[in-house]
Amino acid sequence: MPLPIEIVLFLFLLSTAIAIARLEDLFAAAMLTGIFSLLSAGLFTIMDAVDVAFTEAAVGAGVATVFILCTLSLTAKREYQQPTKVLPFIVVGITGAALIYGTLDMPAYGDPDAVTHRHLSAKFIEIEERAMFSQNEHAVESARHGNEEKAVGLPNIVTSILASYRGYDTFGEVTVIFTATIGVMLLLRGRRHKKSFTSQSRSDGNDVVKEQPMRMREKIILRVVSKAFIPFIFMFALYVQFHGDFGPGGGFQAGVIFAAGIILYGVIFGLDTMRSAVPERVLVYGIISGLILYGGVGIVSLLSGANFLDYDILDTHNPAHGQHLGILLVELGVGITVTCAMTTIFYGLAGRGKQ
Amino acid sequence: MHWLGLWHYWAVIILMMIGLYILIARDNLVKKVMGLSIFQVSVIMFYVSIAKIEGGTAPIIPESGNQLVYSNPLPHVLMLTAIVVGISTTALALALIVRIQEAYGTVEDGELNEIDGHSP
């Protein structure tokens, strides 16, 4: 049976998405994308994906909206009115019908016997449960030696898989973030072309006499509240970073939350103040050092005679401690890279308007 | 009824199609990016809904030691990293849009085609 709250959230999501499609005011649409992410984070929580919900809330409602708003301030505030076209409707209708036809063969939602749950993930859960429930470490040790399968031994199975079982994947993802940030820096760091168009070159149709907009730091409520908030945001980010082994959270979420705190500071107090607090050069080193920390853990385990990113070798006396240490370092590397990458992207997009 | 158990997937597919519609029908490039992010969230939601097990709970083993049913953690891991990679690639797209604005003075698809001399 579907829960009533699921239906309500889906209806909200649906109306938000339709509103985004119809709105010509792009600023309003950008704010709605933030709401869309927050609502979907609620749905993810109901579907038991707490880590995904956490990430979606931090990324979608926090950072992505700011990036889109920065871009809008450099481009156009409104989009042109367009006649409703028929062809896209037909294409979308056919694609949707084909996808729905495809789901008819799928197991029902929540079916415990679905193929997805039988193979690898069942094994992961079984191994981790056995390691957790054999309380004393000696038992863990013998359990590990009894079976060929190695346990990580952390309460949060998502973190175990993310950082240990599938550490290669995560390393790849961090590299993608690194590469994308380099791309943004290459596109936006350079000097502007002389013949460039500014955002004001297009009139919006209505000639209102423009007042000088009030600067953010002159709004006393925003300034005071955000100043009080920022330390707690950082503290929360640190909690998410280092408590990720035991509860929902980890390097990705913590990195985005940390970056959101820095970006909030920049939005309220201005880019120049932000530059003096967090210099761009430091961020560039941060992006690289996070990735190197991740890869370095892999290299150390490789040089110690184990496989790449096999943390057991990091503590020769107790492999379980080696796993914990490895995951801690790797998550820290992810956190540093994500924080610095997000902040650098914000510098790129926001700094472009000031030149 | 077997079909009643599939409505989650259908709801997600409808959301996905709204994103796809924005992507192909709207001319403004920033709007297209918004459509793309709706599409992305829907795909992520599709994976997460596959991972759900009826009566299951979040895949975090409690200290009490009760035997619980956990939802499948593997899709969660894959999607969690996909979100952060998604924001990085979105940022790259936005950076490209900013450069297009500077070079052409517009971010409307039709106008860009006209400037480049193609028929829209």
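What pLDDT does chain B average, and what share of the residues score at least 70? I looked that up before anything else. Chain B averages 89, and 95% of the residues reach at least 70 (pLDDT is the predictor's confidence in each residue, from 0 to 100).

Housekeeping. This is a predicted model, so I keep in mind that local features need pLDDT of at least 70 and side-chain atom pairs count only at pLDDT 80 or more, while totals for chains, interfaces and linings use all residues. Residues are numbered from 1 along each chain as its sequence is written, with chains lettered from A and ligands numbered from 1 in the order in which they are written.

Confidence. I noted an ipTM of 0.93 and a pTM of 0.88 for the model. In chain B, helix H4 (residues 109-115) has the lowest confidence, at a mean of 87, and helix H2 (residues 29-51) the highest, at 94.

Chain B. I find four helices and zero strands (DSSP runs numbered from the N terminus: helices are H or I, at least four residues, strands E, at least two). Chain B is more spread out than a compact globule, because its radius of gyration is 20 Å, well over the 14 Å that the globule rule gives for 120 residues (taken over C-alpha atoms; the rule is 2.2 Å times the number of residues to the power 0.38). The C-alpha trace of chain B spans about 65 × 35 × 15 Å along its principal axes. Buried residues make up 55% of the 120 in chain B (buried: 20 or more other C-beta atoms within 10 Å of its own; exposed: 12 or fewer; partly exposed in between; C-beta atoms placed from the backbone).

Interface. I get 94 residues of chain A in contact with 74 of chain B (contact: C-beta atoms, placed from the backbone, within 7 Å). Helix H3 (residues 50-74) of chain A gives the most to chain A's side, with 13 residues.

Core. The largest nonpolar core has 130 residues, and those with the most contacts inside it are A:Val63, A:Phe67, A:Val256, A:Leu349, B:Ile38 and B:Leu94 (a core joins buried Ala, Val, Leu, Ile, Met, Phe, Trp, Tyr and Cys through C-beta atoms within 7 Å). H3(A) gives the most to this core, with 15 residues. I then checked A:Leu349: leaving aside neighbours within four places in sequence, its contacts include A:Phe67, A:Leu188, B:Leu94 and B:Val98.

Last stop. A:Ile288 is in helix H12 (residues 280-303) of chain A. A:Ile288 counts as partly exposed, because it has 14 C-beta neighbours inside 10 Å. I also put its C-alpha atom 7.0 Å from that of A:Thr337, 49 residues apart along the chain.

Note on methods:
Contact = placed C-beta atoms within 7 Å.
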